[in-house]
Amino acid sequence: MKYLLALLITTAMISTPLSFNFGTSCDNCDDWFVVLDGVMGGLSTGEVEQRAESIIFRGSVSLENNGGFASLRTPYQSYDLSPYSTVTVRYKSTGQDFGLTLNKHKRFWRPQYKTNLPMTGGEWKTITCNLSDFGIYRLGEPMEGSPDKDDLASIIRLGLISNTKAATDFEIEIDKIIFE
C-alpha cells in the first residue's frame, strides 16, 4: 500500500510540459513578436510568417548604426520553468546561429539565460538541452554560472535571438519548443 501511495504522489508531482507547437492551432504562439536592433538605432530587419505547422522568422542582420541583432519574443508574463529540466526545440535555419533566451528581467542590460541553436543549413534538427546548461549572458557577453531553480521559477519572457554578430540574411523555422 505504501508503494502505491508513493507512486501516486510521484505521478501527481510530474509536471505537464510547457509547449509551443507553432502550428495554426497553437493557442500560445500568436503573441510572439519581433524586436530588432532599431530600438537602439540599428538597421536590421525581420518578419514573422505563420504556417500550418510552424512559424518562420526571417530577415537580415545589419551591423550599421551599431546594430547587430534580430529577435522573436513572447510578451512579458510568468513562466515558472522550475519544474522542468530540459527543453526540446525542433527547427531549421540558415544564415545565423540563434539563441533560445530566458529572461527574468525587463531591462535589456540585465543578465539573461541562453543556449545556442546552431545553424542547420536548412535541414530539420531536433535538439534537447538541459536548462542547467543554459549560460548567463549580459548584452551578448558570457558570464559565469547557470540558472538555478529559483531563477527558472522567475522567467518572464522567452525568445529567439540572432546569435552571430554578423551582417547576414537569416531564416529560422520553428516547429516546436517543449519544456519537460
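Q: Is Phe98 buried or exposed?
A: Buried means under 20% relative accessible area, exposed over 50%, and partly exposed in between, with a 1.4 Å probe and protein chains only. Phe98 has a relative accessible area of 0%, so this residue is buried. The model is a predicted one: local features need pLDDT of at least 70, side-chain atom pairs count only at pLDDT 80 or more, and totals for chains, interfaces and linings use all residues. Residues are numbered from 1 along each chain as its sequence is written, and side-chain values use heavy atoms, with hydrogens and water left out.

Q: What share of the protein chain do buried residues make up?
A: Of the 180 residues in the protein chain, 42% are buried. The chain has two helices and 13 strands; helices (H or I, at least four residues) and strands (E, at least two) are DSSP runs, numbered from the N terminus.

Q: How is a pair of aromatic rings described?
A: Two values are used, the distance of the centres and the angle of the planes. Rings of Phe, Tyr and Trp (its six-membered ring) pair if their centres lie within 6.5 Å; planes under 30 degrees apart count as stacked, over 60 as edge-to-face and the rest as tilted. A search of the whole structure finds nine aromatic pairs. One of them, Phe57 with Phe98, is edge-to-face, at 6.2 Å centre to centre and 70° between the planes. This pair links distant parts of the chain, since Phe57 is in strand E4 (residues 55–60) and Phe98 in strand E7, 41 residues apart. Phe57 is also buried, because its relative accessible area is 0%. Elsewhere, Phe20, Phe22, Trp32 and Tyr79 form one aromatic cluster.

Q: Which residues does Ala70 touch?
A: Contact means heavy atoms within 4.5 Å. Not counting residues up to four places away in sequence, Ala70 touches Val35, Leu36, Thr45, Phe57, Val61, Phe98, Leu160, Ile161, Ser162 and Phe170. Ala70 is in strand E5 and counts as buried because its relative accessibility is 0%. For the protein chain, 74% of contacts between residues at least 6 apart in sequence join residues at least 24 apart.

Q: How much space lies in the largest pocket?
A: On a 1 Å grid over the protein atoms alone, a pocket is an open set of points where a 1.4 Å probe fits, with protein on both sides within 12 Å along at least five of seven lines; lining residues have an atom within 4 Å of a point. Grid points are joined across faces, edges and corners, and a volume is the space filled by probe spheres set on the points. Here the largest pocket holds about 750 Å³. It is lined by 31 residues, and the closest to its centre are Phe69, Gln112, Leu139, Gly140 and Ile161. Strand E12 gives the largest share of the lining, five residues.

Q: What is the phi of Leu139?
A: Most residues other than glycine have a negative phi. Leu139 has a positive value, near 50°, and is in the loop between strand E10 (135–138) and strand E11 (141–143). Its relative accessibility is 53%, so Leu139 counts as exposed. Asn65 also has a positive phi, of about 60°, and its place is in the loop between E4 and E5.
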